Amino acid sequence: MFKRYRRPGDLVFATIFLLFALWLASQLQTQTIWANGQQLFAQPRFWPAVGVFGMAGFGALHFLSSVASDRIPGRWPEVGTWLRSLEFVGWFLAYVWLVPWAGYLLATLLFMGALTLRMGYRDGRMIGAALATGLGIVLLFRTFLQVRLPGGQLYLLLPDGLSTFMLTYF
């Protein structure tokens, strides 16, 4: 009933999780307050402390069970897979950096096309579908829902009427 099925990379994950939970616990004193005169469950520090100490406690149990379990080969290839996925965090950060400079429309179209190529799709129809999806996303969020996003600095180089139009709708 309580048989443990360990996976490659489990010990690395348990270690990182426990260290993160302990770091969060060390930050509770400076990030939350204990308000005088309030009941226990209404305290601003109470529920974050419950969550963080629960995270640390269960993280410690997970770590101990990982240490006690038989070692399964493949730990570092698994960790390598996790690290390779961070590439897409970099893509997202680059996109967020580019939007205020190039504008939402141009940045979205550039990244939709670039990520389509990055994922290995070279067919013109797939790239066209990605660009059409990007245009649809821009039209939905910026034009129809009027989500406030920073206007692109490149838009300021356009003629006055077109610049205002692009800053407003794209």
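Leu-86 is partly exposed, with a relative accessible area of 48%; buried means under 20% relative accessible area, exposed over 50%, and partly exposed in between (1.4 Å probe, protein chains only). You will find Leu-86 in the loop between helix H3 (75–85) and H4. Helices (H or I, at least four residues) and strands (E, at least two) are DSSP runs, numbered from the N terminus. This is a predicted model, in which local features need pLDDT of at least 70, side-chain atom pairs count only at pLDDT 80 or more, and totals for chains, interfaces and linings use all residues. Residues are numbered from 1 along each chain as its sequence is written, and side-chain values use heavy atoms, with hydrogens and water left out.

**A nonpolar patch**

- Leu-86 belongs to a nonpolar surface patch together with Leu-83, Val-89, Phe-92, Leu-93 and Val-96, and the accessible area of the group is about 580 Å².
- Patches are made of residues with over 30% relative accessible area and no salt bridge; like charges are joined within 9 Å, and nonpolar side chains (Val, Leu, Ile, Met, Phe, Trp, Tyr) within 5 Å.
- The accessible areas come from the Shrake-Rupley method with a 1.4 Å probe, and for residues only the protein chains shown count as cover.
- Helix H4 (residues 87–102) gives the patch its largest share, four residues.
- Leu-93 and Gly-136 are 43 residues apart in sequence and 22 Å apart in space, C-alpha to C-alpha.
- Gly-136 sits in helix H6 (residues 124–144), and its relative accessibility of 33% makes Gly-136 partly exposed.

- Three residues of H3 are buried: Arg-75, Val-79 and Gly-80.
- They cover an arc of only 130° around the axis, so they lie on the same side of H3; the arc is that of the directions from the helix axis to the C-beta atoms.
- An α-helix has 3.6 residues a turn, so residues three or four places apart point the same way.
- Pro-77 and Arg-84, on the other side of H3, are exposed.
- The buried residues of H3 pack against helix H1 (10–31), where contact means heavy atoms within 4.5 Å.

**Helix H5**

- H5 (residues 104–118) has 15 residues, which should span 21 Å at 1.5 Å a residue; its end C-alpha atoms are 20 Å apart, which agrees.
- The expected span is 1.5 Å times one less than the number of residues in the helix.
- Among the buried residues of H5 are Tyr-104, Leu-105 and Phe-111.
- H4, H6 and helix H7 (160–169) are what the buried residues of H5 pack against.
- Gly-120 follows H5 and has a positive phi, near 100°.

**Salt bridges**

- A salt bridge is a side-chain nitrogen of Lys or Arg within 4 Å of a carboxyl oxygen of Asp or Glu, and by this rule there are two.
- Glu-87 and Arg-118 meet in a salt bridge at 2.6 Å, N to O.
- This pair links distant parts of the chain, since Glu-87 is in helix H4 and Arg-118 is in helix H5, 31 residues apart.
- Asp-123 and Arg-125 also form a salt bridge, with their closest N and O atoms 3.3 Å apart.
- Arg-125 is exposed at 69% relative accessible area, whereas Asp-123 is partly exposed at 36%.

**A loop residue to look at**

- Gln-146 is in the loop between H6 and H7, and Gln-146 is exposed, with a relative accessible area of 57%.
- Phi of Gln-146 is positive, near 50°, in a residue other than glycine.
- Most residues other than glycine have a negative phi.
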